[in-house]
Amino acid sequence: MYKVKERDFVILTEVLRKSEEIKPSQYAKRIVFEKYRILGTDLDRILTAVYYKIMKRLGIIDRIIREVVGVHQNILDPWLRASLRVTIEFFVFEKRYVKHLEKNAVKKSVASFLSKITHPYVGMFYYEVFDKITSYEPKPKNEIEKFEFEYLLPAWYIKKMKEVVGDELEELLKALNTEPKISVRVNSLKARVDEVVKALEKEGKEVAVSEVVPTVIKFAGPYDFDRSKLYKKGKFVIQEEASALASILLDPKPGEVVVDLCAAPGGKTLHMAELMKNRGVIHAFDIDELRLKRMEELIERCGIRIVKIYRKDARKATKILGEEIADKVMLDAPCTSDGTLMKNPELRWRIREDKIKELAELQYELLNVAIDLLKPKGKVLYCTCSMFKEENEEVIERILKERKNVKLVPLKGYYSPGFIEGTIRAFPHRHNTIGFFYALLEKVTS
């Protein structure tokens with residue numbers, strides 16, 4: 001067991017402070033670790049693990065700050081906020097790392113650092129609250145709070161998920177805290193599944209081919225994609241099984257006109273192009289410049305020739321392309337993305353309950369645009385990586401009630417039935433993939 005030193009508190013405080021200024025947080029961490037010359041060392045590995053635990057536990061840690069200090073963490077000096085977060089992680093949740101440490105030494109060391117880097121009063125404040133912070137004992141008042149501390153998710157989110165999965169709640173929460181396997185999809189334009197499986201096995205990976213999407217392969221990490229010849233040659237792309245199923249459900253055919261309304265970074269766009277045998281056209285919309293750049297690189301690497309990219313708000317698609325021009329539309333709508341929590345642990349404390357209705361309204365607007373783009377008998381697949389009913393079934397119910405020119409095309413199999421008959425849901429605890437929702441609509445008249 002590594003014995004944490006006073007300096008490690010300072011290093012992690014700098015990482016947390018820097019990660020509030022620079023995104024992604026991995027880049028902020030790299031800058032600080034380079035400064036202290038620990039990049040690539042055993043200490044890098046240990047402090048990285050602690051850093052990610054802090055990010056997973058952030059909402060709990062901030063609640064402790066509010067209880068002990070008596071003010072909201074966001075009004076504190078940012079350096080003080082970062083140092084308190086690190087201190088709570090070590091002395092409340094990771095005591096095994098600091099059993100050997102003299103508390104007064106840590107208190108003096110961090111207080112001195114804060115005094116120098118910001119203001120003496122900040123160092124004094126840290127010094128004064130240190131003992132209260134380090135003696136804090138979590139005491140959950142009910143089952144929801146118990147789950148909040150145990151599974152590191154907001155209480156409001158746990159309550160909402162109980163409405164969705166009922167008695168399976170704890171199974172879902174456990175799944176959301178499980179490290180997922182890496183999931184890649186073989187590019188059928190450049191490789192065969194058996195070819196990629198053999199190559200990965202030669203690299204020492206124990207692989208499993210998905211029973212839901214036969215071109216998806218799963219294996220345990222880590223994996224260096226930057227050095228992978230398979231990846232660099234475009235023989236596979238990174239894509240979750242549940243995400244890959246979307247293109248199969250929409251079933252675009254060679255020669256068709258397809259619109260992908262929220263396309264970047266391009267996993268579904270690429271998959272649809274493969275299913276279309278590189279024949280036809282895909283109009284791909286997105287507004288995120290960096291994600292579109294990644295998409296362009298993937299398109300080139302994977303040998304895709306039929307994609308036209310528009311850096312435009314998808315709600316303007318009919319003004320750009322016209323109405324009733326598409327055989328198929330893919331709408332993987334912007335959402336809370338809570339179904340991806342096991343892949344994106346930092347997301348758990350950024351999801352806000354008050355944003356759900358706002359996102360649902362955007363999803364409704366985009367689905368209306370998708371329907372307007374469709375030719376009669378054309379189909380749109382509406383999907384999200386959210387598990388909230390408000391972003392899924394409730395959007396579909398609203399559309400079916402207000403738009404008399406569309407009908408639901410029943411989907412069956414693959415995963416679990418949704419809460420509207422004919423829709424599908426993937427659940428992390430049931431299906432060993434990210435949370436996902438699917439509904440297929442057909443335009444019946446102009």
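Colleague: What percentage of the 446 residues of the chain count as buried?
Modeller: 56% of them count as buried. Buried means under 20% relative accessible area, exposed means over 50%, and partly exposed is in between, with a 1.4 Å probe and protein chains only.

Colleague: What should I know before I read on?
Modeller: This is a predicted model, and residues are numbered from 1 along each chain as its sequence is written. Local features need pLDDT of at least 70, side-chain atom pairs count only at pLDDT 80 or more, totals for chains, interfaces and linings use all residues, and side-chain values use heavy atoms, with hydrogens and water left out.

Colleague: How many helices and strands does the chain have?
Modeller: There are 19 helices and 13 strands. Both are DSSP runs, numbered from the N terminus: helices are H or I with at least four residues, strands are E with at least two.

Colleague: What radius of gyration does the chain have, and why does that agree with a compact globule?
Modeller: The chain has 24 Å, and this agrees because a compact globule of 446 residues would have a value near 22 Å. The radius is taken over C-alpha atoms, and the globule rule is 2.2 Å times the number of residues to the power 0.38.

Colleague: And what box do the C-alpha atoms fill?
Modeller: Roughly 75 × 50 × 40 Å, along the principal axes.

Colleague: What share of the contacts is between residues 24 or more positions apart?
Modeller: 71%, counting contacts in the chain with a separation of 6 or more. Contact means heavy atoms within 4.5 Å.

Colleague: Let's pick some residues. Where is E274 found?
Modeller: E274 is in helix 14, residues 267–275.

Colleague: Buried or exposed?
Modeller: E274 counts as buried because its relative accessibility is 4%.

Colleague: Which residues does E274 touch?
Modeller: Leaving out residues up to four places away in sequence, E274 touches R185, V186, N187, S188, L189 and I304. A polar atom of the E274 side chain also lies 3.1 Å from the backbone nitrogen of S188.

Colleague: Now H283. Where does it lie?
Modeller: H283 lies in strand 6, residues 281–286. H283 is buried too, at 10% relative accessibility.

Colleague: Which side chain makes a polar contact with the side chain of H283?
Modeller: That of Y310, at 2.8 Å. A polar contact is a pair of N or O atoms within 3.5 Å; within protein, one must be able to donate a hydrogen and the other to accept it, and residues adjacent in sequence count only if both atoms are side-chain atoms. Beyond four places in sequence, H283 touches several residues, including V257, D260 and L321.

Colleague: What about L298?
Modeller: L298 is found in helix 15, residues 289–302. L298 counts as buried, with 15% relative accessibility. Apart from neighbours within four places, L298 is in contact with Y231, V237, P265 and L270.

Colleague: Switching to backbone angles. What phi does L152 have?
Modeller: A positive phi of about 55 degrees, although L152 is not a glycine. L152 sits in the loop between helix 8 (143–151) and helix 9 (155–165). L152 is buried, with a relative accessible area of 8%.

Colleague: And N432: buried or exposed?
Modeller: N432 counts as exposed, at 60% relative accessibility. N432 has a positive phi of about 55 degrees and is not a glycine. Its place is the loop between helix 19 (428–431) and strand 13.

Colleague: Last one. Where is V444?
Modeller: V444 is in the segment after strand 13 (436–443). V444 is partly exposed, with a relative accessible area of 36%. Setting aside neighbours within four places in sequence, V444 is in contact with K404, N405, V406 and K407.

Colleague: How many Å separate the C-alpha atoms of V444 and T48?
Modeller: 54 Å, and the two residues are 396 residues apart along the chain.
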